[in-house]
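Here is a short report on one protein model.

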Amino acid sequence: MARLTAADFDQELLILFDAYVHGDIDRRAFLERASRFAVGGVTAVGLLAALSPDFAAAQVVPKDDKRVLTLVVDVPSPSGSGTVKAYLAKPATGTAKLPGVLVVHENRGLNPHIEDIARRLALEGYLALAPDALTPLGGYPGDEDKARALFAQLDQTKTRQDFIAAAEALKGRPECTGRIGVVGFCYGGGIAHMLATQLPDLAAAVPFYGNLPPVQDAAKVKAPLLIHFAGIDERINAAWPAYEAALKAAGVRYTAYQYPATQHGFHNDTTPRYDTNAAQLAWDRTLGFFKQSLMT
């Protein structure tokens, strides 16, 4: 069966799904409103299933890939949740120290897709650390709906401290050169932006369609930024002109790309919102940016 893409769905349905994913409406409300798009024997439940992640089909680097070593580590977070679980991935061979990349998940916790992203980065020669913000609530539950509901229960003040602690832990690991960057997606994109305002020695930040910090925080950014935006994503894009002006005023080094006709989440290859060409281009740009910022 051919893989579904965003073009197979009505744009209003995609906007509705985005609202559901980000907690603006609950599952019942989504199904009620999606029912008007259910035609030709397709149900609203079927539409939700079609739009939801398929981790197995999208996996790029298998969990048992012999080229990568992975383990789960505990990250102390005394100002946050106390301790956070994180997925660590690194190349299976070689003894040289590696630059680090913190990988920050979307608003469902450390799911298989983000673990796969960490393994992809390990194959590129990085020490990748992917924390699970849901640790204080038992960790990623293995179900996206349950994960989204749990995410709304987090104390975000503590969660932000957890990611700051994870960045510091990555930087201090014996396998790390001490030079680190961050990449985040959706919620994680917002965390990547936040870390750029909080960590003066952060060497690179790559937010994918993440919420922007308050305008006044732009002056705190010391790391170079590579920012990816979806073309059809008014919820995120509306705040960019003001934040961009603040970055310029502060002399921050940044590059921003908007990918025409793409949806929020276009890089996530587990859902139909994935855009192959835009995702590959954004990833190539990300790898080039990390190579320049972290390896030279």
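Helices (H or I, at least four residues) and strands (E, at least two) are DSSP runs, numbered from the N terminus. This is a predicted model, in which local features need pLDDT of at least 70, side-chain atom pairs count only at pLDDT 80 or more, and totals for chains, interfaces and linings use all residues. Residues are numbered from 1 along each chain as its sequence is written, and side-chain values use heavy atoms, with hydrogens and water left out.

**Positive phi**

Most residues other than glycine have a negative phi. Tyr-209 has a positive phi of about 35 degrees and is not a glycine. Tyr-209 sits in the loop between β6 (204–208) and β7 (225–232). Cys-186, also not a glycine, has a positive phi of about 60 degrees. Cys-186 belongs to the loop between β5 (176–185) and α8.

**Accessibility of single residues**

Buried means under 20% relative accessible area, exposed over 50%, and partly exposed in between (1.4 Å probe, protein chains only).

| Residue | Relative accessible area | Class |
|---|---|---|
| Tyr-209 | 1% | buried |
| Asp-116 | 3% | buried |
| Cys-186 | 7% | buried |
| Gly-251 | 58% | exposed |

Asp-116 is part of helix α5 (residues 112–123). Which residues does Asp-116 touch, not counting residues up to four places away in sequence? They are Ala-58, Gln-59, Val-60 and Val-61. Contact here means heavy atoms within 4.5 Å.

Gly-251 is in the loop between α10 (240–250) and β8 (254–263). Its C-alpha atom is separated by 9.4 Å from that of Ala-218, 33 residues apart along the chain.

**Helix α1 and its packing**

Two packed helices are described by the angle between their axes and the distance between the axes. Axes are lines fitted to C-alpha atoms, for helices over the stretch in contact, and angles run from 0 to 180 degrees between N-to-C directions. Helix α1 (residues 11–21) packs with helix α2 (residues 27–34) at about 170 degrees, and their axes are 10 Å apart. So α1 is roughly antiparallel to α2. Angles under 35 degrees count as roughly parallel, over 145 as roughly antiparallel, 65 to 115 as roughly perpendicular and the rest as oblique.

From α1, the contact uses Leu-13, Leu-16, Phe-17 and Tyr-20; from α2, it uses Arg-27, Phe-30, Arg-33 and Ala-34. By class, that contact has six nonpolar, no polar and two charged residues. Ala, Val, Leu, Ile, Met, Phe, Trp, Tyr, Cys and Pro count as nonpolar, Asp, Glu, Lys and Arg as charged, and the others, Gly among them, as polar.

How many residues of α1 are buried? Eight of its 11 are, and the helix is mostly covered. Among them are Leu-14, Asp-18, Ala-19 and Val-21. The cover over the buried residues of α1 includes α2, α3 (44–51), α6, α9 and β8.

**The largest pocket**

On a 1 Å grid over the protein atoms alone, a pocket is an open set of points with protein on both sides within 12 Å along at least five of seven lines; lining residues have an atom within 4 Å of a point. The largest pocket holds about 530 Å³ of space. Of its 27 lining residues, Phe-151, Gln-156, Tyr-187, Gly-190 and Asn-211 are the closest to its centre. A volume is the space filled by probe spheres set on the points, which are joined across faces, edges and corners.

At least two lining residues each come from α6 (144–151), α7 (156–172), α8 (187–198) and α9 (234–237). The largest share, seven residues, is from α8. The lining has 12 nonpolar, 11 polar and four charged residues.

Definitions and conventions: 1 Å grid on protein atoms, 1.4 Å probe; cavity = no way out; pocket = protein on both sides within 12 Å on 5 of 7 lines; lining within 4 Å.
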